[in-house]
Amino acid sequence: MDPTVQLDLSVDRGSPVPLYFQLSQQLEAAIERGALTPGTLLGNEIELAGRLGLSRPTVRQAIQSLVDKGLLVRRRGVGTQVVHSQVKRPLELSSLYDDLEAAGQRPGTKVLVNTVVAASAEVAAALGVAEDGEVHRIERLRFTHGEPMAYLCNFLPPGLLDLDTGQLEATGLYRLMRAAGITLHSARQTIGARAATAGEAERLDEQTGAPLLTMQRVTFDDTGRAVEFGTHTYRPSRYSFEFQLLVRP
């Protein structure tokens with residue numbers, strides 16, 4: 001089924017905006033609002049070009065721009081397919097799992113590590129525990145629509161809560177903490193970017209050296225106790241942080 005039949009696509013030839021960009025913006029908006037859902041196949045480039053009175057290179061350029069953004073993917077023998085919209089995460093104390101659910105992204109989780117380790121100097125300082133003392137370490141891959149989008153490594157103080165692997169794969173860490181009676185109050189967070197290592201690239205289905213977004217967060221409960229230290233990496237084609245800036249009077 002050709003989804004373009006259901007969309008009100010048009011171009012303004014009198015506009016200074018390039019035709020390919022007009023088309024790509026309309027397709028991106030359709031993906032963002034859910035008119036084009038993940039897994040939907042786009043129509044044939046030739047048919048779409050004929051329908052809009054555009055050249056095939058113009059349509060191809062529009063589609064390629066969305067492939068570059070990670071919204072579309074070209075699959076051999078299948079055609080051009082909608083992947084999903086980029087997750088725009090607000091800078092507030094929320095879990096990635098909850099944000100993905102709220103965005104309709106169908107989150108999934110694979111637990112890679114769930115164990116007790118000796119705290120490094122960095123982890124000890126973040127959690128306020130003794131260096132080389134025991135802390136709980138969990139490593140997870142977070143998926144949306146079956147594709148990896150984030151690698152999450154979290155450290156928690158010993159005895160804070162029962163970290164069952166099955167529960168960690170079924171829901172988010174913050175939900176488990178709240179269910180255990182922990183009141184999350186505030187966090188200290190740092191955002192950055194760097195090149196993917198070979199291991200990270202393999203986990204996230206990226207090329208070695210590809211850019212990744214990074215986040216470090218120390219979360220505190222309502223008593224001021226550090227209850228979690230996380231170091232996360234994200235695929236920028238699938239994920240971004242969103243800021244709201246206010247003018248100081």
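Among contacts in the chain between residues at least 6 apart in sequence, 60% join residues at least 24 apart. The model behind this figure is predicted. The chain contains 8 helices and 10 strands. Of its 249 residues, 44% are buried.

Helix 1 spans residues 19–32 and has 14 residues. The distance from its first C-alpha to its last is 20 Å. This is close to the 20 Å expected at 1.5 Å a residue. Several residues of helix 1 are buried: Gln22, Leu23, Ser24, Leu27, Glu28, Ala30 and Ile31. The cover over these buried residues includes two helices, helix 2 (45–52) and helix 3 (56–68). It also includes strand 1 (72–75) and strand 2. After helix 1 comes glycine 34, with a positive phi near 90°.

Strand 2, part of the cover over helix 1, runs through residues 79–82 and holds threonine 80. The relative accessibility of threonine 80 is 11%. Buried means under 20%, so threonine 80 counts as buried. Which residues touch threonine 80, leaving aside neighbours within four places in sequence? The contacts are Thr40, Leu41, Leu42, Ile63, Leu72, Val73 and Arg74.

A second pair of strands shows how residues separated along the chain come together in space. Alanine 193 sits in strand 7, residues 184–195. Leucine 213 belongs to strand 8, residues 211–221. Along the sequence, alanine 193 and leucine 213 are 20 residues apart. In space, their C-alpha atoms are 4.5 Å apart. Alanine 193 touches Leu212, Leu213 and Thr214, not counting residues up to four places away in sequence. Leucine 213 can also be set against alanine 195, which is 18 residues away along the chain. Here the C-alpha atoms are separated by 8.8 Å.

Are alanine 193 and leucine 213 buried or exposed? Alanine 193 has a relative accessible area of 61%. That is over 50%, so alanine 193 is exposed. Leucine 213 has a relative accessible area of 18%. That is under 20%, so leucine 213 is buried.

Aspartate 132 lies in the loop between helix 5 (121–127) and strand 5 (134–144). With a relative accessible area of 59%, aspartate 132 is exposed.

The largest pocket has a volume of about 180 Å³. Its lining consists of 14 residues. Nearest the centre of the pocket lie Gly70, Glu206, Arg235, Ser237 and Arg238. By type, the lining divides into 7 nonpolar, 2 polar and 5 charged residues. Which element gives the most to the lining of the largest pocket? Strand 1 does, with 3 residues. Domain 1 (1–80) and domain 2 (94–232) each supply at least three residues to this lining.

Note on methods
Residues numbered from 1 in each chain as written. Predicted model: local features only at pLDDT ≥ 70, side-chain atom pairs only at ≥ 80, totals over all residues. Heavy atoms only, no water. Helix = DSSP H or I, 4+ residues; strand = E, 2+ residues; numbered from the N terminus. Buried < 20%, exposed > 50% of the residue type's maximum accessible area, 1.4 Å probe, protein only. Contact = heavy atoms within 4.5 Å. Expected span 1.5 Å × (residues − 1). 1 Å grid on protein atoms, 1.4 Å probe; cavity = no way out; pocket = protein on both sides within 12 Å on 5 of 7 lines; lining within 4 Å. Points joined across faces, edges and corners; volume = space filled by probe spheres on them. Nonpolar A, V, L, I, M, F, W, Y, C, P; charged D, E, K, R; others polar. Domains from an automatic or database assignment.
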